[in-house]
Each structure stands twice: as structure tokens, then as C-alpha cells.
Amino acid sequence: MSLPKLLQFNFFLSNPNSANSQHSIVPKNPFTVECRQAAVPPPFPEKWIDNSWGTKKTLQLPKYQNQVNDIEEFPPLVTPGEARSLHDRLGDAAFGKAFLLQGGGDCSEEGLKEFNGDRIRDTFSILLQMATLLMFGGQVPIIKESRIPDPHKMIKTYGRSAATLNLLRALATGGFASMKRITQWNLDFAEMGNRYQDLANQVDEALGFMEAAGVPKEHPVMARAEFWTSHECSLLPYEQSLTRFDLATGLYYDCSAHMLWCGEGATRQLDGAQVEFLRGISNPLGIKVSDKMDSRELVKLIDILNPANLPGRITIIISRMGSEKLRVKLPELIRAVHGSKQIVTWICDPMNGSIKAPCGLNSTTRPFDRVLAEVGAFFDVHDQEGSHPGGIHLEMTGAQHVTEWIGGSCMVTSDDLSSGYRAHCNPRLNASQSLELAFIVAERLKHRRF
């Protein structure tokens with residue numbers, strides 16, 4: 001059982017054409033919906049307490065001793081107010097007014113050994129660059145999100161998560177994320193560097209125009225970045241230990257991360273422990289879905305987790321489909337959800353569907369072209385159905401020039417895999433491949449604007 005990821009950033013692209021604008025975006029889908037337009041969710045469900053999941057069946061959950069109780073005395077990693085802010089941004093993404101950029105690293109416990117400040121900073125830099133590209137193309141705000149049976153390992157993970165969040169908050173608010181530093185985020189790789197530099201020059205010109213018009217570069221909207229964290233809700237003793245009652249709203253929040261999701265298999269049963277836990281917390285929630293998901297079951301699960309039909313509460317993470325299956329299955333899911341008048345945010349996870357790596361490596365890889373095809377199919381289906389592509393999830397690295405995915409402008413071949421394969425679990429995009437994908441997504445967002 002793996003621990004929660006140390007980092008998984010969520011960046012949002014917001015739309016200047018928001019509700020306060022004269023030209024606000026109108027959702028394309030033809031279905032009318034009823035929802036509570038409120039930043040604060042309704043009171044937590046009846047007959048729910050933070051340990052009621054213990055009465056439900058659990059799969060792949062280890063039995064912990066009393067050391068887990070120590071975490072209950074620790075400070076929360078995130079605050080309920082931050083989770084509510086993410087809830088609002090995800091609500092915008094559901095209607096095409098924002099776009100989620102979700103980037104994670106290695107999800108194996110072995111990844112803890114590679115924890116250091118430089119890698120956190122470099123990953124944050126790549127996310128800032130990608131968010132800038134997507135914002136420039138889509139003209140909407142980008143939501144940035146990051147992810148993070150020995151109980152002592154959970155305590156170790158808590159400590160490193162706290163240290164990571166401290167560093168990220170300092171980088172996000174201390175000037176590092178200022179748009180006037182856009183050229184300084186560029187890391188040492190050549191393939192996408194020149195193309196990014198051209199865009200950075202355009203952004204600099206735009207900033208100069210705004211400053212001349214009276215908006216200084218030091219304005220908070222230009223000088224700071226918002227980010228949120230997320231991970232899969234799998235280790236329920238850990239999640240329960242960091243669940244807090246919020247006096248301001250009278251609601252429970254899991255303060256281990258801003259957003260929690262249930263995955264396929266062990267954490268998504270309608271009558272299972274994870275769903276029981278998730279239905280009572282007020283964090284934004286994700287549901288990971290593959291082509292195996294029955295559309296009727298998805299509608300039932302959304303009803304359990306979001307009975308008030310609040311925008312931003314539910315994000316559907318489309319995963320493990322590939323481009324061909326996605327073109328067949330995703331329209332069915334969209335029609336079922338929209339037909340039930342449920343409001344959700346749709347995001348694409350093209351990182352799965354790996355194949356066994358050649359060269360005798362005991363690992364997996366995936367051709368970069370298949371990622372591009374899956375992302376393209378995701379946008380095509382939403383164009384076809386009149387719905388909104390709300391974001392993208394990536395497994396990626398910062399400055400590490402890893403060779404774990406074949407292809408891309410950096411020309412990684414199967415012969416290169418053994419020279420830079422460092423993942424302990426799923427293969428990750430290197431910085432050049434991440435930026436290349438960001439340029440392509442930015443073009444699709446730009447196309448949708450027109």
C-alpha cells in the first residue's frame with residue numbers, strides 16, 4: 001500500500017470573462033441544471049462521523065497500531081478555507097471558465113528518498129511555465145494542483161508534506177512566481193526552450209502594456225500564484241487522523257490535502273469504506289474513471305458524494321482508456337451525467353496504458369504520441385458533446401532529464417530508456433515533453449475560444 005504522494009500540484013486557468021464580466025461564457029451543454037450557488041457546501045450528511053467508514057468493507061487497507069493516533073495531534077496540512085477556494089475554481093472549470101493543470105511525481109514510497117528542495121522548486125517552475133502557456137492560449141485562469149504498512153512512514157510523509165507545503169507557499173507568495181520572472185523559470189533544456197522564450201517575450205510585452213495602462217507588475221494578481229494539493233483517498237487511518245471540524249462553517253474537512261479522489265478498484269465501491277468517508281467531508285472530490293465504469297454506477301456515485309449538486313464538488317478523472325476507447329466511452333459517460341443534470345468537472349489523465357519497456361528493463365514506458373492522441377480525443381469528444389474539457393493530469397519531473405517516455409521533440413528512443421529511467425512506479429514526462437504537451441493543449445484551448 002503506497003503512501004499519499006508528496007506533491008501533486010493543481011494550477012487553475014481562470015477566465016477573465018467570468019460572471020462579473022459583460023461577456024461571461026455560457027455553458028454549451030443543452031441540459032438545465034439545479035444547484036446551490038454557494039461557496040460553502042451544505043451541512044455534512046446525517047448519520048456520518050469521521051470514523052463511520054470503519055463499519056464498511058475495506059479492500060487493500062493495512063491494519064495499523066496505535067501510532068496512527070499520534071497524527072491526530074499534528075497541525076492540519078491545509079486549511080478548510082483553502083479547500084473552499086479550490087471548490088470555487090473547480091466550479092468555474094465545470095463551465096469552461098477555468099482549466100485544471102494537475103501534475104504529480106513518483107507515487108512509490110521509494111520516491112521519499114528523492115525528497116529535496118531543488119526538485120520541489122524545479123517541478124514548481126515547470127508547472128508555472130506550463131500554466132503560463134495554457135493561460136496565454138486559453139485566456140482562462142489555470143488551477144495548479146500538486147499531490148503528495150508501517151505507520152512510522154505515514155508520520156515521515158506528514159513531516160515531508162509539511163516541509164514541501166512551506167516551501168511552495170514561500171515560492172508562490174515570495175516573488176518567485178511573479179510574472180516578471182517568466183524568463184527565469186526556464187530550465188536548462190534546448191528542445192522547447194526557444195519556443196518558450198518567444199512566448200515569454202510576448203508576455204513581457206503584454207505586461208509592459210498593462211503597466212502603462214496602470215496595472216503594475218507588482219500587483220498581487222501578477223506577483224503571486226495559487227496552488228492546491230491532492231491525492232487518492234486510500235489510507236483511511238491517515239485521512240481520518242487529519243480530518244478536522246471547521247468552526248466557521250460547521251463542516252468536516254480532510255486537512256491532509258485540498259482535494260481527495262477515489263480510484264478504480266479498491267477505493268470506489270458504492271458501499272465501501274472510502275466512499276463512506278468521502279461523502280462526509282466537504283473537500284472537492286475526484287472520481288477516477290476508465291472504460292470499465294458503468295455509466296449508471298457513475299451517476300449513483302455522484303449522487304452519493306454530491307447530493308446538493310454543487311459545482312466544483314466532483315471532478316471526473318478520465319484514465320486508462322487510450323484514444324480509441326475514449327472516443328467510444330467518454331460520450332456515453334458525458335450523456336449519462338448531463339442527462340441526470342449533474343454538474344461535474346471533466347479532466348483527462350493520459351498517463352496510463354503503459355507498455356513493458358524494452359532493453360531488459362523491469363519497468364514500463366509509453367510512446368509520447370499516444371499521450372497526444374488521447375489528449376486530442378478528449379478535446380474532440382467535448383467539442384462533439386457540447387461539454388467542457390476542464391483540465392489535464394500529468395505525471396512529470398522538474399529539472400531531471402529523465403528518459404521514461406519514448407518520443408517527443410527531445411527524441412527519446414527505446415535505446416535511451418536505460419540511461420535515464422528513474423521512476424519507481426509509473427513513467428513520467430521530462431521537462432521538455434511536459435512543455436511540448438502544454439503548447440499543444442494551449443492550441444486546443446485557443447481554438448475553443450474562437
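View 1. Phenylalanine 379 is buried, because its relative accessible area is 2%; buried means under 20% relative accessible area, exposed over 50% and partly exposed in between, with a 1.4 Å probe and protein chains only. This is a predicted model, in which local features need pLDDT of at least 70, side-chain atom pairs count only at pLDDT 80 or more, and totals for chains, interfaces and linings use all residues. Residues are numbered from 1 along each chain as its sequence is written, and side-chain values use heavy atoms, with hydrogens and water left out. Phenylalanine 378 is buried too, with a relative accessible area of 1%. The rings of phenylalanine 378 and phenylalanine 379 form an edge-to-face aromatic pair, with 6.1 Å from centre to centre and 90° between the planes. Rings of Phe, Tyr and Trp (its six-membered ring) pair if their centres lie within 6.5 Å; planes under 30 degrees apart count as stacked, over 60 as edge-to-face and the rest as tilted.

View 2. In one of them, the ring centres of tryptophan 48 and phenylalanine 277 are 6.5 Å apart and the planes are at 50°, so the pair is tilted. Tryptophan 48 counts as buried at 3% relative accessibility, and phenylalanine 277 does so at 1%. Ring pairs link Trp48, Phe245, Tyr252 and Phe277 into a cluster.

View 3. Helix 7 (residues 273-280) is largely enclosed by the rest of the structure, because 8 of its 8 residues are buried. Phe277 is one of these buried residues, as are Ala273 and Gly280. Helices (H or I, at least four residues) and strands (E, at least two) are DSSP runs, numbered from the N terminus. The buried residues of helix 7 pack against helix 6 (236-241), helix 8 (295-305) and strands including strand 5 (243-246) and strand 8 (285-289). Contact means heavy atoms within 4.5 Å.

**View 4. Helix 12 between two partners in the text below.** Helix 10 (residues 368-385) packs with helix 12 (residues 431-449) at an angle of about 20°, and their axes are 11 Å apart. Axes are lines fitted to C-alpha atoms, for helices over the stretch in contact, and angles run from 0 to 180 degrees between N-to-C directions. Helix 10 and helix 12 are therefore roughly parallel to each other; angles under 35 degrees count as roughly parallel, over 145 as roughly antiparallel, 65 to 115 as roughly perpendicular and the rest as oblique. Among the residues that meet are Phe379 in helix 10 and Leu437 in helix 12. The axes of helix 2 and helix 12 come within 7 Å and cross at roughly 20°. The residues in this contact include Met130 of helix 2 and Leu435 of helix 12.

**View 5. Threonine 315 in strand 9.** Threonine 315 lies in strand 9 (residues 314-319). Threonine 315 is buried, with a relative accessible area of 0%. Leaving aside residues up to four places away in sequence, threonine 315 touches Leu90, Met259, Leu285, Gly286, Ile287, Thr345 and Ile347.
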